[in-house]
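Let's read a protein model together, one feature at a time.

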Amino acid sequence: MNGPSTPTTPPADAVLPDRSPLAPAPGTLIGSHYDECFGCGPQHPQGLQLTAVAGEHLDVTAQFTVKAAHQGGPGLAHGGILVSALDETLGTLNWLLGAPAVTGRLETDFVRPVPVDSVLHIHARVTGVQGRKVYSAAEGRIGGPGGPVAIRAQALFIQVKLEHFTTHGRPEDVQKVLDDPDQIKRARAFEVNP
């Protein structure tokens, strides 16, 4: 890391842990944690429907196509949508650590506009872990993994327990997930960055 220390810069005593034994294998598509998630949910009609793939180490790649519903200025992605895409990808890193976590802080730099119909290719990686704090960074490129950088982010995630979601979530949505007979879907809904 270059530059001054920020709340999203890992402290000197942060470590890069091993991947969880439960982490998806490198190259594996990481499915949606919740079907109605704005970031990765396949059933959210205006959502990003972002797809992510586990990397070799503590990293993931993801992509999403900017649709007309994601506009800010005419023909351009809304900045908040781009931040959401990076947040979703950064949150996906927690699958590799095997611990649910939520966004504590996200710092973003916008480098260039992203036109509607563009595919944003995102690479995210864990930069350090200290206790319950997970530090990470990501960048989004237009048109391909080697395309021009459009957006960068650094983040701090905080690992939490299941009670975080059941206590603070809207009761009818939490109950709907808890009542799902599919045990895997029930577990996944509360695992990563909802």
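This is a predicted model: local features need pLDDT of at least 70, side-chain atom pairs count only at pLDDT 80 or more; totals for chains, interfaces and linings use all residues.

Q: What does pLDDT tell me, and where is confidence lowest and highest in the protein?

A: pLDDT is the predictor's confidence in each residue, on a scale from 0 to 100. Here the protein averages 85, and 77% of the residues score at least 70. Confidence is lowest in helix α5 (residues 183-189), with a mean of 50, and highest in β6, at 98.

Q: How are the helices and strands defined?

A: They are DSSP runs, numbered from the N terminus: helices are H or I with at least four residues, and strands are E with at least two. Two strands pair if DSSP finds at least two bridges between them. In this model, strand β1 (residues 29-30) and β2 run antiparallel and are joined by 2 bridges.

Q: Which strand does a hairpin join to β2?

A: That is β3, reached through 4 residues. Strand β3 (residues 59-65) runs antiparallel to β2, with 4 bridges joining them. One of the facing pairs is T51 with its bridge partner Q63 in β3.

Q: How many residues of strand β7 are buried?

A: In β7 (residues 149-159), 9 of the 11 residues are buried, so the strand is mostly covered.

Q: Which strands pair with β7?

A: Strand β4 (residues 101-110) runs antiparallel to β7, joined by 9 bridges, and V102 stands opposite I158 there. Strand β6 (residues 133-142) also pairs with β7 in the antiparallel sense, over 9 bridges. In that pairing, A138 stands opposite A153. β6 and β7 form a hairpin with 6 residues between them, and G143 in the turn has a positive phi of about 85°.

Q: What counts as a salt bridge, and how many are there?

A: A salt bridge is a side-chain nitrogen of Lys or Arg within 4 Å of a carboxyl oxygen of Asp or Glu. By this rule the count comes to 3. One of them links R105 and E107, whose closest N and O atoms are 2.9 Å apart. R105 counts as partly exposed because its relative accessibility is 39%, and E107 does so at 23%.

Q: Which residues are linked in a network of salt bridges?

A: They are E139, R141 and R152. The side chains of R141 and E139 meet at 2.9 Å, N to O. E139 also forms a salt bridge with R152, with closest N and O atoms 3.8 Å apart. This pair links distant parts of the chain, since E139 is in strand β6 and R152 in strand β7, 13 residues apart.

Q: How does R152 count by its relative accessibility?

A: R152 counts as partly exposed because its value is 38%. E139 is partly exposed too, with a relative accessible area of 23%, and R141 is partly exposed at 22%.

Note on methods
Residues are numbered from 1 along each chain as its sequence is written. Side-chain values use heavy atoms; hydrogens and water are left out. Buried means under 20% relative accessible area, exposed over 50%, partly exposed in between (1.4 Å probe, protein chains only).
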